[in-house]
Amino acid sequence: MAFDVITVGIVCADVMVRPVDELPPRGHLGLAPQLEMHLGGLAGVTACVCSQLGGKTAFVGLLGQDSFGDFLLHTLQSNGVNTEEVRRTDELCSSATVVLISKDGERTFLHHVGVNAATTEAQLDFDFLTQAKVLHWGGPVVTPQLDGPPMGRVFEAIRERGCKTAIDTCFDGEGKWLSRIEPALPHTNIIFSSLEEARYYTGQHDPEDIADFYRAYGVEIAVIKLGHDGIFVKSATEKFHLPAYTVDVVDTTGAGDAACGAFLYGYTHNWDIPKCAHLANAVGALTVQHMGGAESIRSLEETMQFMERGTC
């Protein structure tokens, strides 16, 4: 196959400000010690990180004909991500987020959905998508025209053509939760879900109960991202918890998305599930030590060295 992973979903420009522990009074000026722009978004970061580790990846989606769109396209390409199925439009702006980061790395977001809201099932080229070992949907909620039955149909058709599928869930400010992904779950091989989000999607509290909920639909592998508590993974034959690495946290933005890219790299290179999870855990730890999620990984070799010398 031409690609290890093709991602569809959200890519956005993250304007990141740190540290922000309180806002200036209304109408006043506050000074920002650190302000940077990075590529963000569940689909964009996953594609970039998998590529940085040595995988062949592509991103499918929309960008605006604006400076944010130029930045995002350049960053994807400079990270080795194929962009031949990226389309530009002047009808909507590119997606962007203002990220306010506190001293301890916690984030507050102001998000503009932009062109991601215009990505539709009809825009997806199935001949292109089935060149991948895994089609990864990063962005239920923020790709509303793919939510529900549309992505269920896409995943079903892709699986019939021999491609594996994966979902990375997103926080739902509208509270619809499960209905956004339920039609796709019976056709999903891997689901990634942060603990906080997963509790809303599933109505379960414990990581194993959450994994069992997803797996009852036929999902093969459930990866529950636990933040500072690490990662929990369950399949038909294995279940385990990996504690997080002890590192200095600068910014947690994109760490979970980056971990997805790492897990999918291992999965598409026939690694066993524990090794995939260890790589994902290590990439998450590397990512939180820097601003932004898409540009913190240099190579598979350096990441493996961190795994060997790092301590959980």
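The following dialogue explains how to read selected features of this predicted model.

Q: Which conventions apply to the numbering and to the values in this predicted model?
A: Residues are numbered from 1 along each chain as its sequence is written, and side-chain values use heavy atoms, with hydrogens and water left out. As the model is predicted, local features need pLDDT of at least 70 and side-chain atom pairs count only at pLDDT 80 or more, while totals for chains, interfaces and linings use all residues.

Q: Which residues of helix H7 are buried?
A: An α-helix has 3.6 residues a turn, so residues three or four places apart point the same way. Helices (H or I, at least four residues) and strands (E, at least two) are DSSP runs, numbered from the N terminus. Buried means under 20% relative accessible area, exposed over 50%, and partly exposed in between (1.4 Å probe, protein chains only). In H7, which spans residues 207–215, the buried residues are Pro207, Ile210, Ala211 and Tyr214. Seen down the axis of H7, they fall within an arc of 100 degrees, so they line one face of the helix; the arc is that of the directions from the helix axis to the C-beta atoms.

Q: What covers the buried residues of H7, and which residue caps its N-terminal end?
A: The cover, judged by contact (heavy atoms within 4.5 Å), includes helices H5 (178–181) and H6 (195–202) together with strands S11 (190–194), S12 (221–225) and S13 (231–234). The N-terminal cap of H7 is Asp206, with a side-chain oxygen 2.9 Å from the backbone nitrogen of Glu208.

Q: How many salt bridges does a search of the whole structure find?
A: A salt bridge is a side-chain nitrogen of Lys or Arg within 4 Å of a carboxyl oxygen of Asp or Glu. The search finds 12 in the whole structure. One of them joins Arg161 and Asp127, whose closest N and O atoms are 3.4 Å apart. Arg161 lies in the loop between helix H4 (149–160) and strand S10 (164–168), and Asp127 in helix H3 (residues 126–129), so the pair ties together parts that are 34 residues apart in sequence. Arg161 counts as partly exposed because its relative accessibility is 45%, whereas Asp127, at 57%, counts as exposed.

Q: Which residues do salt bridges with shared partners join into one network?
A: Glu174 and Lys176 form a salt bridge, with 3.6 Å between the closest N and O atoms. Glu174 is exposed, with a relative accessible area of 60%, while Lys176 is partly exposed at 49%. Salt bridges that share partners join Asp147, Asp172, Glu174, Lys176 and Arg180 into one network.

Q: Which residues line the largest cavity?
A: Rolling a probe the size of a water molecule over the atoms shows where empty space is left. On a 1 Å grid over the protein atoms alone, a cavity is a set of points where a 1.4 Å probe fits but cannot get out; a pocket is an open set with protein on both sides within 12 Å along at least five of seven lines, and lining residues have an atom within 4 Å of a point. Grid points are joined across faces, edges and corners, and a volume is the space filled by probe spheres set on the points. The count comes to 1 cavity of 30 Å³ or more, and the largest cavity holds about 40 Å³. Its lining consists of Val60, Gly61, Leu62, Glu85, Arg87, Thr119, Gln123 and Leu124. Strand S4 (residues 57–64) gives the most to that lining, with 3 residues.

Q: Which residues have a positive phi although they are not glycine?
A: Most residues other than glycine have a negative phi, and most peptide bonds are trans. Trp177 has a positive phi of about 55 degrees; this residue is found in the loop between S10 and H5 and counts as buried, at 10% relative accessibility. Asn270 has a positive phi of about 65 degrees and counts as exposed, at 72% relative accessibility.

Notes
A polar contact is a pair of N or O atoms within 3.5 Å; within protein, one must be able to donate a hydrogen and the other to accept it, and residues adjacent in sequence count only if both atoms are side-chain atoms.
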